[in-house]
Amino acid sequence: MSFNQEFDEHGAWRKQFALRLKLMSEWLSDHDLLEAGVRERLDQLHAQVKNDKIMVAFVAEFSRGKSELINAVFFAGYGRRIMPASAGRTTMCPTELGYDAEIPPCLRLLPIETRLQSKSLLDWRNSTAKWERVDLDVNDPQQLARAIQKVAEVRRVSRSEAAALGFWNDELPDDNPPVGADGLVEVPKWRHALINMAHPLLKQGLVILDTPGLNAIGAEPELTVSLLPQAHAVVFILAADTGVTKSDLAIWRQHITGLADGQATRLVVLNKIDTMWDALSSPEQVQLQVASQRTDSADVLGLSPRQVIAVSAQKGLLAKVSRDDKLLQASNLMELEAALGSDILGQRRQILGAAVASGVQALRQETGRLVHTRARDLVEQVQELEGLRGKNTGVIKQMRLRIEQEQADFDASGAKIQAVRSVHLRLLKDLFALLGTTQLKTHVSALGRALKQPGIKLGVRRAYGNTFEHLRSDLLRADQLATEIQSMLEGSFKNLNAEYGFSLQPPTPPQLTQYLKDLELIEKSHLQYLSLGNALRLAQPEFAERLARALMSRLRVVYETAVNSVELWNKSAAAQLDAQLRERRRNFSRRIEAVSRIQQAASGLDDRIRELQSQQAQLNLVDAKLAELTGQLLAAPEDVSAEAVTA
């Protein structure tokens, strides 16, 4: 199955899940089960599936056919090239292709001069004023390709300006661009490009990252310490006629090898095998040459040969456009698409499926507790009323007075419950302080000062080590504090359950230690810039400052994710307590109302008991339906149709 077909299936599952979730939300609302904690879980599940993105990053040195490969795999349906893929340099700036329904189809370009200002790339993404915008007509392939051609634009600048922008270093002459007869050098016109278009795959959550060559990658640290680590798959492209060159190996070692410890799938594409199709050689001889090049490339990169796929992107694109099945088979493009589908989507489905299963289980527990509370109250009411059979009006009046006294005592206990909230919030405040932006800036600022020191930065590795040691210490302390809060909740909830007959259960606490792995990956991605080989580049104040900004941006994302998990845990605990308090107050009102009706009519007792028993039967049906609906949320799309969800 091709990547496109696999992705279609993945998109269909996401849409079906969202529909089931919507219908379940309506059903819960109809049955008065949509409490704040339940709504929070539903919103989280909906956002988790709706906003799930799969980023595939294409990385290569210049002229490896990277943009042509993107055209062949994703955009052949347009019947022409969409990404610029002519001879020589094409994509000159990192280019992201994705879809946001709230933004019209457009190309947005961030001028290269923004590197001179003290804002991170992430900050610029949220500041639209500086971006140049070009509207796209997705129904006009020619206009689309012509507009996107702008990502290949360059500027000619003086060497001093090129140095300020990060493209020239007198100490590294081999990495510098050639100087023209006019004394100027060529640099990219744009720092970053964002393409928003309603391509079917992009609409389903695919994000494509097209990166420029080695010099451009090295000059933009935020690309390697932030964007690439977020990719779910990295496709590294080589040329079949050259194999692994020195610059290829530099990109691989400096920017890709470290991603192996993350969740990214790595695929190597040996492109341009059509250059080896020789009329003087038999097909068997050509196959042997290709196989040999695959093996050699795998050995150099430290991979198994099966991770190196030999293709011809150009012939694959031509074959798709001309519907030439024989040429498509010879291009081997479908093998790459199958690998992308099974490796990337298979892994992503597994991760998303586990997250969704955990969320659905939490949703089931949250709603199940509400149903259980109501069922217990009904049992108590039936038993209470059964005890009134044959009793005189004085006994019934006495019961009413007892219920009213219980209600008054319960209302007076608010101070005790408020004390539980107060301790909980005080501990939470300390926890949020450890994970807050202020604390994060404090730790990173010392590193920033070390990076901004002029000249060779001999102590910067130690400064990095100290910074990440402080961050890890804070995270471990935050996790310890979360454990203390959980213990406090367990004790408090146990006391409240015993005293008031509640069925409170502390929600699963956030596993903050999982973010230690994120810190490790961020630290590792930065270490490449602290080697002796990068000492001269790091000596440039502008580059060092960009590196510090990139680090802060990446850490902020991790810490915001951690804070969100703590907030969800807090809301779940608070919402659960609020729900049971509300149910208890409703229960008092129902009991007093029932006794009042019995006092007014002799037949009221039996009628009320039958009414409660009917409610019990209905509640049993609700519980069964709840199990059915949550089960459907976990089912595969081919196993359950959305129409099975009924009110």
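Arg 549 counts as buried, because its relative accessibility is 12% and the cut-off for burial is under 20%. The model in which this residue is described is a predicted one. Arg 549 is located in helix H21. When neighbours within four places in sequence are left aside, its contacts are with Arg 115, Gln 117, Ser 118, Lys 119 and Ser 120. The C-alpha atom of Arg 549 is separated by 9.6 Å from that of Val 444, a residue 105 positions away along the chain.

The chain as a whole comprises 647 residues, of which 51% count as buried. Its secondary structure consists of 22 helices and 11 strands. Among contacts with a separation of 6 or more, 81% are accounted for by residues 24 or more positions apart. The accessible surface of the chain amounts to about 29,100 Å², and carbon and sulfur atoms contribute 50% of this area.

Two helix pairs were examined. Packed helices are described by the angle between their axes and by the distance between those axes. For helix H17 (residues 437-452) and helix H18 (residues 460-500), the axes come within 9 Å and cross at roughly 175°. H17 and H18 are therefore roughly antiparallel to each other, since angles over 145 degrees fall in that class. On the H17 side the contact is made by Gln 439, Leu 440, His 443, Val 444, Leu 447, Ala 450 and Leu 451. H18 contributes Val 460, Ala 463, Tyr 464, Thr 467, His 470, Leu 471 and Asp 474. By class, the residues of the contact between H17 and H18 are nine nonpolar, four polar and one charged. Val 444, listed here on the H17 side, is the residue whose C-alpha atom was related above to that of Arg 549.

The second pair is formed by H14 and helix H22 (residues 604-634), which pack at an angle of about 170° with their axes 10 Å apart. H14 is thus roughly antiparallel to H22. The contact of H14 with H22 involves 19 nonpolar, seven polar and five charged residues. Helix H14 spans residues 333-386 and includes Gln 381. Gln 381 is buried, with a relative accessible area of 3%. Residues up to four places away in sequence not being counted, Gln 381 touches Asn 587, Arg 590, Arg 591, Arg 608 and Leu 612.

Aromatic side chains were also considered, and the structure holds nine aromatic pairs. In one of them, the ring centres of Phe 75 and Tyr 78 are 6.4 Å apart and the ring planes lie at 50°, so the pair is tilted. Phe 75 is buried, its relative accessible area being 0%. A further tilted pair is that of Phe 410 and Phe 588, with 5.8 Å from centre to centre and 55° between the planes. This pair links distant parts of the chain, as Phe 410 belongs to helix H15 (residues 393-412) and Phe 588 to helix H21 (residues 541-600), 178 residues apart. Phe 410 is buried at a relative accessible area of 6%, and Phe 588 counts as buried at 5% relative accessibility. Phe 75 and Tyr 78 also belong to a cluster, in which ring pairs link them with Phe 58 and Phe 74.

Technical notes. Residues are numbered from 1 along each chain as its sequence is written. This is a predicted model: local features need pLDDT of at least 70, side-chain atom pairs count only at pLDDT 80 or more; totals for chains, interfaces and linings use all residues. Side-chain values use heavy atoms; hydrogens and water are left out. Helices (H or I, at least four residues) and strands (E, at least two) are DSSP runs, numbered from the N terminus. Buried means under 20% relative accessible area, exposed over 50%, partly exposed in between (1.4 Å probe, protein chains only). Contact means heavy atoms within 4.5 Å. Accessible areas come from the Shrake-Rupley method with a 1.4 Å probe; for residues, only the protein chains shown count as cover. Axes are lines fitted to C-alpha atoms, for helices over the stretch in contact, and angles run from 0 to 180 degrees between N-to-C directions. Angles under 35 degrees count as roughly parallel, over 145 as roughly antiparallel, 65 to 115 as roughly perpendicular and the rest as oblique. Ala, Val, Leu, Ile, Met, Phe, Trp, Tyr, Cys and Pro count as nonpolar, Asp, Glu, Lys and Arg as charged, and the others, Gly among them, as polar. Rings of Phe, Tyr and Trp (its six-membered ring) pair if their centres lie within 6.5 Å; planes under 30 degrees apart count as stacked, over 60 as edge-to-face and the rest as tilted.
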